[in-house]
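Subject: Structure handover and interface notes

Hello,

Here is the structure we talked about, followed by my notes. Please read them with the coordinates open.

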Amino acid sequence: MREIRPETVIFIRNNKNEILLVEKPHLHYGEIYIPLGDLVKDSESTFENVRRNCLTTGLEIADTKLKGLVTEVSKDIQWHLFIYLIEDFKGETTKDVEGHKLQWISIVKLDEIALPQADKVYAPIILSSPDFYEAKYTFDDDMKLVKTESI
Amino acid sequence: MNNNIKNQFPIFSKNKGLVYLDSASTSQKPKVVIDKLVEFYTEYNSNVHRGLYPLSEKATDEYEKVRETIAKFINAEPNEIIFTSGATEAINGVSRSLYSSGFINVPPKITLTDLEHHSNVLPWQDLQPEMIQYLGLDDNYLINDTKIFKDSDIFASIHASNVTGTIIPIKEIITSNENAYSIIDATQSIAHMKIDVKDLDVDFLTFSGHKLFAPTGIGVLYIKEEIMKELNPFKLGGGMIDEVTRNGSTYASGPTKFEAGTPNIAAAIALAEAVRFIDSIGFEEIKLSEERLRLYLLERLDEIENIEIYHPKNVTGKEALAVVSFNIEGIHSHDISAYLGEKNICVRAGHHCTQILHRDVLNVPASLRASISVYNNEEDIAKLIEGLKGAIKIYKK
């Protein structure tokens with residue numbers, strides 16, 4: 001049976017049309033950029049998870065929107081991603097989160113930077129569509145994204 | 001052996017499935033030590049050295065007996081033992097006292113190692129030394145460079161690394177320049193091997209109690225008797241005086257001179273209990289068990305692809321403690337640590353207060369560290385390896 005992992009994905013967009021991403025190493029892709037978010041912990045709501053993650057950025061969050069739900073299925077793990085968009089916030093970001101560098105990246109440059117393969121699919125949709133996004137993504141045994149089905 | 005010992009630590013029965021591999025950060029506490037704290041506060045809590053009533057006399061008697069227990073534990077004399085809040089306070093105090101007592105040149109020349117914890121770097125940098133020599137690590141994470149510069153005033157070093165587990169050849173280094181004052185931080189080694197201050201011939205030796213199964217907030221500073229007599233105190237206040245007048249003061253002699261203020265009495269008494277706990281097992285047994293697990297951990301870590309291990313290879317327990325740091329290429333140590341945390345596996349991620357080692361020698365910003373103590377067993381290691389394999393699956397996405 002697969003390990004089930006509920007996780008949040010948090011896009012924070014400022015008024016310069018930039019989103020806040022974390023620079024991290026990746027097993028296959030070298031340095032990549034990923035949105036904030038992590039495993040929803042025991043007894044934590046997804047909303048509380050978003051608050052917790054945002055606290056580490058130094059930003060004061062006023063409003064959050066749940067914009068998508070993506071189920072990712074691999075050989076061993078099944079992720080349920082709760083994707084949030086935050087556009088209403090105050091304050092300045094810290095330099096890093098737990099040793100990872102935080103960067104504001106222009107949305108028009110998202111194609112040029114290294115994003116995880118699934119994020120490359122859903123990030124443009126979450127950031128441009130007014131509708132709620134629901135989808136199922138399937139990975140092969142080598143963790144290559146092979147299928148995306150949206151509802 | 002280890003399950004019997006594990007049962008003596010209440011935290012493992014309160015947290016079923018807990019895998020605690022972070023003893024280099026702080027050790028868990030056996031029931032006898034916790035009971036000793038409770039006993040003090042419930043049966044004879046009072047201040048020491050001041051009251052002429054039975055409770056205070058009992059507290060004073062128990063507190064002073066700790067000095068004897070610790071002295072015997074490290075082969076010192078009771079009047080060479082000072083209680084501090086921990087090794088950090090002790091090193092800060094020694095650095096200032098050496099300076100204020102005129103024992104060293106101004107500005108001094110200091111010898112450290114590349115493995116130092118920040119607590120053994122910053123107090124020396126604060127003296128604005130003329131020069132700091134860092135004894136370097138070889139390719140196998142060992143210190144083979146054992147020659148202190150001939151004009152060094154001070155040799156300050158950890159006894160064992162909190163990152164690589166490397167045991168520093170202290171005796172050999174001290175012998176290379178007997179004119180330099182030696183200050184050894186045995187915080188990492190004290191719970192894992194016999195320390196003999198006379199055999200090492202150190203001038204100062206310190207350790208924090210909380211890594212020795214004792215509570216936090218208590219530590220020990222050994223000062224060689226002939227040095228202590230001439231050394232200025234590093235804390236001033238109540239309890240350490242001979243006489244105070246409007247125009248000046250004179251100080252008490254011996255350890256009292258260095259223990260201004262109300263000490264952490266309960267923690268000191270519990271520290272003695274921690275030493276008795278260690279004595280009840282014996283260092284021979286401890287070393288045997290930890291060495292077996294160290295080798296097992298290294299063998300199992302080899303199963304992990306793209307792992308870089310920062311720990312000496314093909315050495316015995318005489319050269320390395322069971323403290324092993326590593327990185328898995330392509331995954332940040334914080335992410336792995338957080339994943340392991342989800343599985344109730346406690347390891348440490350970060351630079352472990354050794355930025356010089358991480359940045360200048362290992363060339364990484366951070367690492368993961370697994371550290372072993374008497375309560376660990378093979379099952380703990382197996383769960384760690386399973387956890388690391390799980391983390392790799394998660395972060396492959």
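S161(B) touches L115(B), T166(B), Q188(B) and V323(B), with residues up to four places away in sequence left out; contact here means heavy atoms within 4.5 Å. S161(B) sits in the loop between β5 (154–158) and α7 (170–176) of chain B, where helices (H or I, at least four residues) and strands (E, at least two) are DSSP runs numbered from the N terminus. Because its relative accessibility is 0%, S161(B) counts as buried; the classes are buried under 20% relative accessible area, exposed over 50% and partly exposed in between (1.4 Å probe, protein chains only). A polar atom of the S161(B) side chain lies 2.9 Å from the backbone nitrogen of T164(B).

On conventions: this is a predicted model, in which local features need pLDDT of at least 70 and side-chain atom pairs count only at pLDDT 80 or more, while totals for chains, interfaces and linings use all residues. Residues are numbered from 1 along each chain as its sequence is written, chains are lettered from A and ligands numbered from 1 in the order in which they are written, and side-chain values use heavy atoms, with hydrogens and water left out.

Domains of chain B

Chain B is divided into domain 1 (2–27 + 282–394) and domain 2 (33–279); the bounds come from an automatic or database domain assignment. The C-alpha centres of the two domains lie 27 Å apart. Their contact takes 43 residues from domain 1 of chain B and 36 residues from domain 2 of chain B.

Between them the two domains bury about 3000 Å², 62% of it on carbon and sulfur atoms. Buried area is the accessible area (1.4 Å probe) that two parts lose on being put together, summed over both. On the domain 1 side, F283(B), L321(B) and I356(B) supply 22% of the area buried against domain 2, more than any other three residues.

The largest share of the domain 1 side that touches domain 2, 6 residues, comes from α13(B).

Chain B against chain A

Here 15 residues of chain B are in contact with 19 residues of chain A. The two chains bury about 1700 Å² between them, 56% of it on carbon and sulfur atoms. In chain B, I394(B), K396(B) and K397(B) lose the most area to chain A, together 41% of what that side buries.

There are 5 salt bridges between the chains. In one salt bridge, the side chains of K343(B) and E3(A) meet at 3.0 Å, N to O. The chain B side that touches chain A draws at least two residues from each of α12 (333–342) and α14 (378–394) of chain B, and α12(B) gives the largest share, 4 residues.

One residue in chain A

V108(A) is in the loop between β7 (100–106) and α2 (117–128) of chain A. V108(A) counts as exposed because its relative accessibility is 65%.

Regards

Notes: Salt bridge = Lys/Arg side-chain N within 4 Å of Asp/Glu carboxyl O. Polar contact = N/O pair within 3.5 Å; in protein donor to acceptor, adjacent residues only side chain to side chain.
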